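Have it open while you read, and go through the points in order.

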Amino acid sequence: MTDTGNKPVSIALTNCSKTFPDGTRALEPLDLAIHAGETVVFLGPSGCGKTTTLRIIAGLEEPDAGGKVLFDGVDVTHLPIEQRNVGMVFQSYALFPNMTVAGNIGYGLKIRKVPDAQIKARVSEMLAMMQITRLADRRIDQLSGGQRQRVALARAIAVRPRALLLDEPLTALDAKLRDTLRLEIDSLLRSLGITAIYVTHDQAEAMALGDRIVVMEHGRVAQIGKPREIYQRPATRFVAEFIGTMNRLTGSVSNGTFTCKAGGIAWPEAPSSATEILFRPEDIRVVESGEATGLKGTVAAAFFLGDRTRLFVDVGEAQPLVIESTARRDFSHGDRVGLAIDPRGLLVL
Amino acid sequence: MRHETRRLILLLLPAGIVFAAFFLLPMARLFFIGGSGKTGWAAYAAILTDSLYLDSLLSTMAVAAATTAATLVISGISGVFLQRHKFPGNALLVSMLTFPLAFPGVVIGFMVIMLAGRQGLIGQVTQALTGEKLVFAYTIAGLFMGYVYFSIPRTILTVMAAAEKLDPKLEEAARSLGASPWRVLLDVIIPGLKPAFISAGAICFATAVGAFGTAFTLAAKINVLPMVIYTEFTLSANIAMAAALSFVLGIVTWLVLAVARTAAGSSVAAAG
């Protein structure tokens, strides 16, 4: 199962920008180093340049003059995709409709003139690995979306590529299937130990799969880091707000206290220039009655989710605060609540 | 239930009437006229035994097949190119390529003569270059050229429409698996265009079999079946033979197309 044949490759981009013939700048000059065997997720809204970057790595696009793509230190900038030995998985599956499932999976090996017996063995191995052995002789139009993406993965891996490139592979699937396949892809990438690049606009997918996440915005890298770093220490407001939920309070700092409309927060390390603080829903809680508190708000909406209650609390700001409460308490609209914020979760950007 | 049946019969009626009036009855009549001549039913046998008829039947099929093959190659390459590469004048070029649709066969024949006839352009150029005049307008090659010329507009639009529906991701997937441009053509583009090739090719073949005007204009040494039918009908007044030949021409064309469709059928179905 761990057999990819080829040693995982390290990939480096230096000064890679991309301008399309119509003058659109899809990608600003970019430098990026991807370690061998690592799973890197390119995350961002549509039009942020993540797919363009993937296509430059794949060899489907060439960077503007001056840009370089290196595989294990070797310049492959002008090497077309068919000579780079990379596996690709597309959102639209892109399976060959004129071939069976087995024909699709064995295609890359047939191109490489591998003897028939070996192709057959490798195809059965792939079918078993993706748990689709019974579909071997089916036509593509007889498969469901989830089955098609399994075939596409098997087809890409069968040739033992040096890197696996996945372009929004789960976007076309329904939510439940997406979760199942995400788990499968995760364990697949771990067991193969292959260098993988995964493009998505779904932050939950990015957090779950990526060893590192490259957050992109307007053709630029906004931040590169481990999922935890990106979430807890976002470098820009864009990253902070694109990933997860962010609460925001405006006010001013004096004597180690941040004061806003709803009250004051004791924060000894507060930078004196801060006029806005950001924090995650898990860093704020509703205090028990009787507990001392500096912040007060009014419940604008409460949604009981079973294990917790999601509260929207009005504190006189443009946006209500989002709070996840696990208290065994029945909140209702208009309740006055005391709030406490963990200063360790406070960010100034 | 009975009501439903009556409704279906009613809906079938227009097609049934047209089929009977314009196809079944004339074909049946043609078939019987074919057997009503001096030689009786032997007229049908003559098509296979008389070398004049058999040769003309075979050369008609050969020219039509060659025309279809050449047209599909040319339309396939140009159609995919014009669909993929938009350049200034692209739309104009496409509409120019479909221009010959309106020309009667006589005009096409005339154009072939102007190009490859005794005073034609090709003749003048070859004479200047080699001292010998190349003239082929009045041979089967001239006929072939004229047929290809009027077949291209009939196929190129179909091919372009099909090329537009080809998923570029399929080609990228094939390339990522190591396929050269040539393999991409064989494994992705041609299978993707196959249904269009079959339907356009069928029309192309049938039109080439029945084309008369071009052959008539280029007359000289060409002996395609529509010309033979014309000669039997008007000059020899051998109406029975003309009818027999017409009937066989229709049946053979239909058979060739049916066989081609069946042969391609399984893979077309697989292409979904």
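1. Start where the chains meet. The contact (heavy atoms within 4.5 Å) draws 20 residues from chain B and 24 residues from chain A. Together the two chains bury about 2000 Å², with 59% of that on carbon and sulfur atoms; buried area here is the accessible area (1.4 Å probe) that two parts lose on being put together, summed over both. On the chain B side, look at B:Arg175, B:Ser176 and B:Leu177: they supply 33% of the area that chain B buries against chain A, more than any other three residues.

2. A word on ground rules. This is a predicted model, where local features need pLDDT of at least 70 and side-chain atom pairs count only at pLDDT 80 or more, while totals for chains, interfaces and linings use all residues. Residues are numbered from 1 along each chain as its sequence is written, chains are lettered from A and ligands numbered from 1 in the order in which they are written, and side-chain values use heavy atoms, with hydrogens and water left out.

3. Now chain A. Helix α4 (residues 145-158) of chain A packs on α5(A) at an angle of about 15°, the axes being 11 Å apart. α4(A) is therefore roughly parallel to α5(A) (angles under 35 degrees count as roughly parallel, over 145 as roughly antiparallel, 65 to 115 as roughly perpendicular and the rest as oblique). From α4(A), A:Gly146, A:Gln149, A:Arg150, A:Leu153 and A:Ile157 meet A:Leu177, A:Leu181, A:Glu184, A:Ile185, A:Leu188 and A:Leu192 of α5(A). By class, that contact has seven nonpolar, two polar and two charged residues (Ala, Val, Leu, Ile, Met, Phe, Trp, Tyr, Cys and Pro count as nonpolar, Asp, Glu, Lys and Arg as charged, and the others, Gly among them, as polar).

4. A:Ser187 lies 83 residues from A:Asn104 in sequence and 23 Å away in space, C-alpha to C-alpha.

5. Over to chain B. Helix α3 (residues 51-84) of chain B and helix α9 (residues 181-210) of chain B pack at about 140°, with axes 9 Å apart, so α3(B) and α9(B) are oblique to each other. Their contact residues divide into eleven nonpolar, six polar and no charged.

Conventions: Axes fitted to C-alpha atoms, helices over the stretch in contact; angles between N-to-C directions. Helix = DSSP H or I, 4+ residues; strand = E, 2+ residues; numbered from the N terminus.
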